[in-house]
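Biologist: I would like to go through this model piece by piece. Please show it, and I will ask as we go.

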Amino acid sequence: MIRFARLIDSLVFTPSRNGKLRLIEAYLEGTPDPERGWVMAALTGSLDIRSAKPALIKQMTLERTDPILFDWSYDYVGDLAETVALLWPSPRGINEPPPSVTDLVMGLDGAKKTEVPALIEGWLNACSPDQRYALLKLITGSLRIGISARLAKTALANWSGKGLDDIEELWHVLEPPYVPLFAWMEGRAEKPDSTACATFRPLMLAHPLEDEDIRVLDATEYRAEWKWDGIRVQLTACHGSRRIFSRTGDEIGGAFPDMRDALDFDAVLDGELLVMRHDDSGALEVAPFNDLQQRLNRKTVAAKMAKDYPAYVRLYDLLFDGSEDLRGLPFDERRKRLEGWYARVQPQRMDLSPMIAFDSWQSLGQLRDEARANGIEGLMLKRGDSHYVPGRPKGPWFKWKRDAMTLDCVMMYAQRGHGKRSSYYSDYTFGAWRPDTDGVLELVPVGKAYSGFTDEELVQLDKWIRNHVVERFGPVLQVSQELVLEVAFDAVNRSNRHKSGVAMRFPRIKRIRWDKPASEADTMDHVERLIVE
Amino acid sequence: MKKAENWVQVTPKGLYIEPGDFYVDPVRPVDKAVITHGHADHARPNNQAVLASPETLAIMKARYGANAGAVLEPISYGVTQRIGDVAVTYFPAGHVLGSSQILMEHGGCRIVASGDYKRRFDPTCRSFEPVPCDVFITEATFGLPVFYHPPTDDEIAKLLASLKTFPERAHLVGAYSLGKAQRVMKLLRLAGWENPIYLHGAMVSLVRLYEELGVALGPWRRVSEVKDKKELAGQVVMCPPSALDDRWSRRLPDPVTAMASGWMRIRQRARQRGAELPLIISDHADWPELLQTIDDVAAPEVWITHGREEALKHAAIAKGYKARALALVGFEEDEGANGVLLNEAV
């Protein structure tokens, strides 16, 4: 824990990417197995410790501190682990060394649920505040210290001299603490076998298409298809083993047993998971994203849920046909293989994402602008000769999202952000006008946004908010109803969770309308007209 | 006994002491200002009569020149004098050189306005003295239990260790020019650092003033006098916090940016400041010191001026004191988005 806490602390404070890589490499060099394997699992988000929920840590701390002061402190610090690390009242005279990361993993793994609090208490007592911080970040499974999994794996590649893609793929085949992987990286053993069945293959991702790109890219080299508004998944099936992975490699098959049951073949496919429904004529159409949301983040799913919100996958790509790896083939050939595979296998609950014919960027742009149907987020552009490469290479694939809808709303409440923004008022609730029972216009909140503005604008907004506070409700500031925010969003749906009866999808601040009087902001009528039923 | 709230008022100009017709640390120009210490949010220019410790007056003159005040009246510690119907006595507050608590007695009631204070060792100023009173007016800059400042020696040791680890890099320490800078310099001397300390031009005049007032700080040079900036590798360079990420710092050889402030306790705050080496060194009382001080002066009533006053009020009430948050304006209550407060002493 001592080395790990030092690593975490130095990673938090080292701004440069190269500096961070050097720190991780030095850590790998000086730390034995299995400790470093567990730590790398933590840095890459592959460490799954189920028994230490943040709620438990919070509860344990509340039992030892003044709950009001805890709440204020947490609100101020903006990070649970750091708040607890600083507030935890360590008894004097603890004669125990701080635990190692391996101690933590093994301890929690072998503990009964009722034994966990005592275990954690003992560890927290034995640690300094900095060590407590690292420990809590680790056991609550949310390191979030500005290190991406990619960066951590890059450090492994630099340190070992092995290829990053090899490491990336092996990462999903092997389990923490990756002892065979380290053995191979240190030249003490053969490369572990990555052809095992039903493992996650890192996804290929796209860059957003910028205006400059359109000017230089040759339209004839690219293929287009719709970007469906579901969740990107990888279906892997072989020898009866069936798994559905999210784009980050999390297994989500438990939430979609209907879909998982349909994987009665040997292949690895890339597609979009969607909830479908029947339209008036009885044909299948994509249901609003809200319907899909009902099914996300569940470990298991009730039969009624699966029936009301049936899951389907719209296929984009074929990565493995049986044991044959197709990722080295150009996209055009993979597409032919996919179509052939689909015709041959005729899988249940799947269809092909259709290709869109176009002759110029202009005509394609027009198609994109006209697409207003549910389930279409925009377009995907893929070079006909592109191999399936893990990660987000620049050039072969682009996403060209539909222009967002916008509304002019009035800022109503502001709250401080978390993490890097913990001193800035960066979360804004905004509203639209609606007549109350007496016909007088009042603002009703329609959404909350915390992105879309520049750092400079954030400073201006923060200053404006501090000067326009009307009332405080704990951490929430009510501001005077003066500032108009042009809000962009992908869709607006009905929702009974909000007073206004609507919920926006991915709202963000497009512009700050310093110039516009609040009275000229949009009304609920405007909002209602944008709802896709 | 005349109740404190009957002769002390919170006004837009600041804390007004009616029977003496004066203000404590007024935020706008007034006829008679009684000043606790020289920081710019407490000692402002253009008052008529200004009463303060001799050191505070010297600081105000250095900063404001002729605008320091029309009539400057030095007040020594422990000497009582009458202002109108109020007996006023100054006591050391341990915050920066010349910083004072002000005891005000009227109608049998004793009120102490403590300004800003700390209880730690500070070799550049006199230590805080608890003064028994009926009402204790306290700050609450670090008024949350997460603010525990670790031993200052450990933080100085962190800086010295980093100088050893990275002898090829300049160590740029952001510290407020009044108080913190001189304290860090002096602490470095006490820890055995004998090399010249290099100063940003904005720090020079107050460092000189401290020396004139009898605080020896060892050898120092202006950064601008160093022709070859490579000489600064492995050296301590001090600058105001605002210069840390300014173009000025680009001339230094691959600087390690250190920031000396109580806010460095919170990781995200340190990151926002771009501090690679956060040094938790504060001239304000941390949470345990605030609570200890409330017990030490044992005033039945505690008034809280600026900072996280609600939390301290809550804790004081839990300890059995009467507590009240004064809604005083003009003091930095929080680190603003552009780090305004970090330019003041924290």
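Biologist: Which residue stands opposite A414(A) in β17(A)?

Modeller: This is a predicted model. Strand β13(A) is joined by 2 bridges to β17 (residues 476–479) of chain A, and the two run antiparallel. Within this pair, the residue opposite A414(A) is L477(A).

Biologist: What is the bridge partner of M405(A) in β18(A)?

Modeller: β13(A) covers residues 405–416 and β18(A) covers residues 484–489. They pair in the antiparallel sense over 6 bridges. The partner of M405(A) there is F489(A).

Biologist: Which residue of β14(A) does M411(A) stand opposite?

Modeller: β13(A) also pairs with β14(A), residues 425–435, in the antiparallel sense over 6 bridges. In that pairing M411(A) faces F430(A).

Biologist: Is Q415(A) buried, partly exposed or exposed?

Modeller: Q415(A) lies in strand β13 of chain A. Its contacts, leaving out residues up to four places away in sequence, are Y425(A), D427(A), P475(A) and V476(A). A residue needs 20 or more C-beta neighbours within 10 Å to be buried. Q415(A) has 19 inside 10 Å, so the class is partly exposed.

Biologist: How far apart in space are Q415(A) and Q478(A), C-alpha to C-alpha?

Modeller: In sequence, Q415(A) and Q478(A) are 63 residues apart. In space, the C-alpha to C-alpha distance is 9.0 Å.

Biologist: Turning to chain B, how do β5(B) and β6(B) run, parallel or antiparallel?

Modeller: β5(B) spans residues 49–52 and β6(B) spans residues 71–74, with 4 bridges joining them. In this pair L51(B) stands opposite E73(B). The chain gets from β5(B) to β6(B) through α1(B), in a right-handed β-α-β crossover. The two strands run parallel.

Biologist: Why are the buried residues of α4(B) on the same side?

Modeller: Helix α4(B), residues 204–212, has L206(B), V207(B), L209(B) and Y210(B) as its buried residues. An α-helix has 3.6 residues a turn, so residues three or four places apart point the same way.

Biologist: Which elements do the buried residues of α4(B) pack against?

Modeller: The partners belong to chain B, and two of them are the strands β13 (197–199) and β14 (220–222). Just after α4(B), G214(B) takes a positive phi of about 100°. The helices packed against are α1 (54–64) and α3 (180–190).

Biologist: Which residues have the most contacts inside the largest nonpolar core?

Modeller: That core has 160 residues. M238(B) touches, among others, V173(B), A175(B), I197(B) and L199(B), not counting residues up to four places away in sequence. A second, separate core has 78 residues, including L235(A) and V446(A). In the largest core, the residues with the most contacts are V237(B) and M238(B).

Biologist: Which element gives the most to the side of chain B that touches chain A?

Modeller: The contact takes 21 residues from chain B and 24 residues from chain A. On the side of chain B, the elements giving two or more residues are α5 (267–272) and α7 (309–318). The residues of that side divide into 11 nonpolar, 5 polar and 5 charged. With 6 residues, the element that gives the most is α5(B).

Technical notes
Residues are numbered from 1 along each chain as its sequence is written. Chains are lettered from A and ligands numbered from 1 in the order in which they are written. This is a predicted model: local features need pLDDT of at least 70, side-chain atom pairs count only at pLDDT 80 or more; totals for chains, interfaces and linings use all residues. A nonpolar core is a set of buried Ala, Val, Leu, Ile, Met, Phe, Trp, Tyr and Cys residues joined through C-beta atoms within 7 Å. A residue is buried if 20 or more other C-beta atoms lie within 10 Å of its own, exposed if 12 or fewer, and partly exposed in between; C-beta atoms are placed from the backbone. Two residues are in contact if their C-beta atoms, placed from the backbone, lie within 7 Å. Ala, Val, Leu, Ile, Met, Phe, Trp, Tyr, Cys and Pro count as nonpolar, Asp, Glu, Lys and Arg as charged, and the others, Gly among them, as polar. Two strands pair if DSSP finds at least two bridges between them. A crossover is right-handed if, with the strands pointing away from the viewer, the path from the first strand over the helix to the second runs clockwise.
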